Amino acid sequence: KVYDRVGALIVGEEAEVIAKDPQGLYWYIRNPDRPGEFCWLWGNYAITTGNTASLPVFTPPPTPTQSIGFAFSFYEVDNCGGNWYVEFYVQNTGGGVFQSVRVQVTDNNTAQTVTLTNNQFTEWNGCVAGTSQDDLTAGEAGYTTSGALGSNPNGHNMVANITMCTQDGLGGTCVSASSNFVP
């Protein structure tokens with residue numbers, strides 16, 4: 001599932017088997033959809049004819065490293081108990097899974113910087129938590145928020161630095177992005 005799909009065999013279609021993997025679970029075949037190319041075929045639903053015992057054994061290539069990345073945009077300002085929070089919409093644009101996030105927001109008008117780290121992606125409506133997710137899988141979107149600001153940031157020049165990581169507690173592989181915005 002982690003490799004690119006390079007073709008498909010439909011029921012009744014045949015392909016020449018060139019080799020097998022060490023466990024005998026996959027076949028290395030001539031790709032009928034791309035003449036002159038070869039590919040791996042999962043043997044679970046394939047039926048072979050002829051003697052496959054004498055086929056050479058090939059080792060499949062290592063799994064590709066999944067790229068990770070995200071995009072974010074300002075969503076809204078929330079007020080809860082006299083504290084102000086800046087909320088962001090984040091979308092996983094890569095192939096990995098994000099499990100933690102750090103949001104650092106600087107209000108350039110007041111010179112206040114706040115940071116919040118979280119192992120969940122939660123949408124807030126004032127003081128009430130809405131949709132919450134433990135992770136963001138490839139293509140999935142969610143919300144994250146800043147720490148508490150002491151004054152209303154609406155109309156202020158702001159900078160957001162967001163770091164997303166593949167493990168809880170800002171562990172694993174992390175990527176960061178920054179943006180200037182005015183709520």
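Biologist: Which residues does V105 touch, leaving out those up to four places away in sequence?
Modeller: In this predicted model, V105 touches V86, F88, Q112, T113, V114, S146, M158, V159 and A160, with residues up to four places away not counted.

Biologist: And which residues touch the most other members in the largest nonpolar core?
Modeller: V105 is one of them, along with F88, I162 and M164. That core has 20 residues.

Biologist: Which strands each supply at least two residues of this core?
Modeller: β4 (70-80), β5 (83-92), β6 (100-107) and β11 (158-167) each do.

Biologist: Now the surface. Which residues form a nonpolar patch there?
Modeller: L25, Y26, W42 and Y45 form one, and together they have about 490 Å² of accessible area.

Biologist: Where is W42 placed?
Modeller: W42 is in strand β3, residues 38-42.

Biologist: Switching to charges. How many salt bridges are there?
Modeller: The count comes to two salt bridges. In one of them, the side chains of R30 and E16 meet at 2.7 Å, N to O.

Biologist: Which parts of the chain does that pair link?
Modeller: Distant parts: R30 is in strand β2 (residues 26-30), while E16 is in the segment before β1 (17-20), and the two are 14 residues apart.

Biologist: What are the relative accessibilities of R30 and E16?
Modeller: R30 has a relative accessible area of 40%, and E16 is at 43%. R30 is therefore partly exposed, and E16 counts as partly exposed too.

Biologist: Which residue forms a salt bridge with E37?
Modeller: R34 does, with the closest N and O atoms 3.8 Å apart. E37 is partly exposed at 38%, and R34 is partly exposed at 36%.

Biologist: Last one, D33. Where is the place of D33?
Modeller: D33 is in the loop between β2 and β3. D33 is partly exposed, with a relative accessible area of 41%.

Biologist: Which residues does D33 touch, not counting those up to four places away in sequence?
Modeller: V6, G7, A8 and E13. D33 and V6 are 27 residues apart in sequence, yet their C-alpha atoms are 7.7 Å apart in space.

Biologist: Which backbone nitrogen does the side chain of D33 reach?
Modeller: The backbone nitrogen of A8, at 2.7 Å.

Conventions: Residues are numbered from 1 along each chain as its sequence is written. This is a predicted model: local features need pLDDT of at least 70, side-chain atom pairs count only at pLDDT 80 or more; totals for chains, interfaces and linings use all residues. Side-chain values use heavy atoms; hydrogens and water are left out. A nonpolar core is a set of buried Ala, Val, Leu, Ile, Met, Phe, Trp, Tyr and Cys residues joined through side-chain atoms within 4.5 Å. Buried means under 20% relative accessible area, exposed over 50%, partly exposed in between (1.4 Å probe, protein chains only). Helices (H or I, at least four residues) and strands (E, at least two) are DSSP runs, numbered from the N terminus. Contact means heavy atoms within 4.5 Å. Patches are made of residues with over 30% relative accessible area and no salt bridge: like charges are joined within 9 Å, nonpolar side chains (Val, Leu, Ile, Met, Phe, Trp, Tyr) within 5 Å. Accessible areas come from the Shrake-Rupley method with a 1.4 Å probe; for residues, only the protein chains shown count as cover. A salt bridge is a side-chain nitrogen of Lys or Arg within 4 Å of a carboxyl oxygen of Asp or Glu. A polar contact is a pair of N or O atoms within 3.5 Å; within protein, one must be able to donate a hydrogen and the other to accept it, and residues adjacent in sequence count only if both atoms are side-chain atoms.
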